[in-house]
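Try each task yourself before reading its solution.

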Amino acid sequence: MSRLVTFLILFAFWMMLSGMFDAFHLFLGVIACGAVAYFSAHLLFPDGKVGLCGRNVLGMALYLPWLFWQIVIANLQVAKIVLHPRMLDLINPQIVRFKTAIKSPFARVTFGQSITLTPGTITINIDRDEFTVYALTDDTAASLPGEMEKRVAAALEKEQG
């Protein structure tokens with residue numbers, strides 16, 4: 001069941017992005033999405049259960065607009081730094097290590113990808129609860145893990161209790 005749900009999600013996304021609806025392209029989409037679903041369904045559903053709960057869907061629906069806004073803000077900040085005449089005084093590249101309170105693997109990966117999507121930061125490694133992140137400036141380094149961790153946890157972590 002997890003492979004079927006994974007296939008349906010991938011195929012819907014593929015159709016949305018490709019915009020090709022002739023038989024040849026649909027057939028290629030079915031083959032590609034089927035192969036990916038067969039080999040990677042465990043990534044979406046680690047325990048094999050298709051319990052994509054409404055809480056996670058709602059949480060992501062609320063989290064993604066906030067993330068997109070953070071990406072816009074970070075883009076503007078990086079552009080300001082790059083265009084500043086004293087750019088070298090503003091940057092201080094560094095590696096930051098921190099532990100996260102996020103427990104689920106999916107939420108951790110979402111958190112790591114969100115960090116990487118935000119300009120000025122790159123998630124280098126995730127080892128259980130420890131993250132290693134490259135940060136372009138002191139301000140960026142100081143903001144880790146910060147608000148993003150709280151929002152990912154609120155969106156994707158199961159309630160404690």
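**Exercise 1. Is Lys99 buried or exposed, and which salt bridges does Lys99 form?**

Step 1. Start with the surface: Lys99 is exposed because its relative accessible area is 55%. The cut-offs are under 20% for buried and over 50% for exposed, with partly exposed in between (1.4 Å probe, protein chains only). This is a predicted model, in which local features need pLDDT of at least 70 and side-chain atom pairs count only at pLDDT 80 or more, while totals for chains, interfaces and linings use all residues. Residues are numbered from 1 along each chain as its sequence is written, and side-chain values use heavy atoms, with hydrogens and water left out.

Step 2. Look for partners. A salt bridge needs a side-chain nitrogen of Lys or Arg within 4 Å of a carboxyl oxygen of Asp or Glu. Lys99 meets Asp129 in this way, at 3.7 Å from N to O. Asp129 sits in the loop between strand 2 and strand 3, and Lys99 in strand 1, 30 residues apart.

Step 3. Lys99 also forms a salt bridge with Glu130, at 4.0 Å from N to O. Here strand 1 is joined to strand 3, across 31 residues.

Step 4. Check the partners' surroundings. Asp129 is partly exposed because its relative accessible area is 25%, and Glu130 is partly exposed because its value is 29%. Together, Lys99, Asp129 and Glu130 make a network of salt bridges.

**Exercise 2. In what order do the three strands form the sheet?**

Step 1. Helices (H or I, at least four residues) and strands (E, at least two) are DSSP runs, numbered from the N terminus. Two strands pair if DSSP finds at least two bridges between them.

Step 2. The order is 1-3-2, in an open sheet with antiparallel pairing. Strand 1 (94-99) and strand 2 (121-127) are the edges, each pairing on one side only.

Step 3. Now zoom in: strand 1 pairs with strand 3 (residues 130-135) over six bridges.

**Exercise 3. Which aromatic pair links strand 1 and helix 5?**

Step 1. Rings of Phe, Tyr and Trp (its six-membered ring) pair if their centres lie within 6.5 Å; planes under 30 degrees apart are stacked, over 60 edge-to-face, and the rest tilted. By this rule there are seven aromatic pairs.

Step 2. Phe98 and Phe111 are an edge-to-face pair, with 6.1 Å between centres and 65° between planes. Phe98 belongs to strand 1 and Phe111 to helix 5, 13 residues apart.

Step 3. Phe98 is buried because its relative accessibility is 9%, and Phe111 is buried because its value is 0%.

**Exercise 4. Which residues are in contact with Thr110, leaving aside its neighbours within four places in sequence?**

Step 1. Find Thr110 in helix 5. Thr110 counts as buried because its relative accessibility is 12%.

Step 2. Contact means heavy atoms within 4.5 Å. With those neighbours left aside, Thr110 is in contact with Met60, Tyr63, Val152 and Leu156.
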